Amino acid sequence: MDPRDEAPFKSLDAAGAWYDRWVREAALPLWWERGADHERGGYHEALSIDGDARPGPRRARVQGRQTYVFATAGALGWDGPWREAAWHGMDFFLDRYLRPDGLFRTLVGLDGAPLDDTPMLYDQAFALLGTATLHKVDPSRIDLRKVALGVLNGLDSMRNPAGGFVENIAYPYQANAHMHLLEGALAWAENEGGAWDAMADEIVEMALKVFIDPKGGFLREFFDVDWRLVDGDDGRLVEPGHQFEWAWLLEKWGRLRGREDALAAARGLYEAGRRGIDPGRLVVMNELWDDFSVREATARLWPQTEHLKAELLFGDEADKIDAAEVLRRYLRTPAEGAWRDKLRPDGTFIDEPAPATSFYHILCACTELFRATGR
């Protein structure tokens, strides 16, 4: 059935059933058959909305995220070749991106040759998430624990004396990279705890004391070397999608630790994120100012996935269904299993390929939806 012909969801269970079919029958087969480079290894950066590969240089995060996707598919019981698909990404990742210091370079060419040897915090985070997820479902082939510990040890070279870590970009002191490191640490902590629990605890304490505005209760993005909010427009940026994303992680950590302050902070971030919903298009916009006026009204796909995750935790039934419906709007493409990425303020989508990195966001949201609906 063409998804454009389908009626709006009448229940959360109906949404769960629709996404279950879309993931298993459309998205996973498409991204394995056409999103994987079966000749050179690894995964392409993007597919067209017609489902054609868009070859080019490849970021490390794509391989880590696609490994996560197909390892998660195995955990969900997908009857496709999830193990082959997950290791297809991981083998290429380990062969082409791993540096002698245990960290991963950020970019290789189409031929797999290094193009940028920089170790980005963001990429290390997805090295942790990909290895943790694959280790959990298929631990016997390679010692991925050793790989993850190599990342953990290598991260010592990226520490900031004032706490936390330094990202190798124009904004080195930022909340976002820490958020994804927290996600990777929590994934490994589910496997074995120990140092990973300590890493997760450290990052959450930074979030509670530094990243979250003490007066407004919303997440800030950019800081200076001493973790003071930067001046100017960069310091005023509020990303609604990140409010939801941190809310989901803090709620998870808060439940594990029995920390009411983290749970309260998570709900506050959820409420802040909802202030970024456009009342006309019903989508989560990309950026606000710190007075919650609109800074950038384009709406990317990934904030919609994080909104759905947060609604599943904190929202009522109607808001959960609405969030699932909004996300589905992005999935209406000529090739079922692909997606649109950017919705303009006028309600039209930008004509561009579907980024592979979005599958991780979509599947994270779907996993939570399946859990909420008993799938």
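Which side chains meet in a salt bridge at 2.4 Å, N to O? The pair is Asp 37 and Arg 58, where a salt bridge means a side-chain nitrogen of Lys or Arg within 4 Å of a carboxyl oxygen of Asp or Glu. Asp 37 lies in the loop between helix 1 and strand 1 (46–47) and Arg 58 in strand 2 (residues 58–59), so the bridge ties together parts that are 21 residues apart in sequence. Helices (H or I, at least four residues) and strands (E, at least two) are DSSP runs, numbered from the N terminus.

This is a predicted model, in which local features need pLDDT of at least 70 and side-chain atom pairs count only at pLDDT 80 or more, while totals for chains, interfaces and linings use all residues. Residues are numbered from 1 along each chain as its sequence is written, and side-chain values use heavy atoms, leaving out hydrogens and water.

Asp 37 counts as buried at 4% relative accessibility, and Arg 58 is buried too, at 0%; buried means under 20% relative accessible area, exposed over 50% and partly exposed in between (1.4 Å probe, protein chains only).

The structure holds 43 salt bridges. Another of them joins Asp 123 and Arg 61 at 3.0 Å, N to O. This pair links distant parts of the chain, with Asp 123 in helix 4 (residues 121–137) and Arg 61 in helix 2, 62 residues apart. Asp 123 is buried at 0% relative accessibility, and Arg 61 is buried at 14%.

Helix 2 (residues 60–75) is also the place of Gln 66, which counts as buried at 0% relative accessibility.
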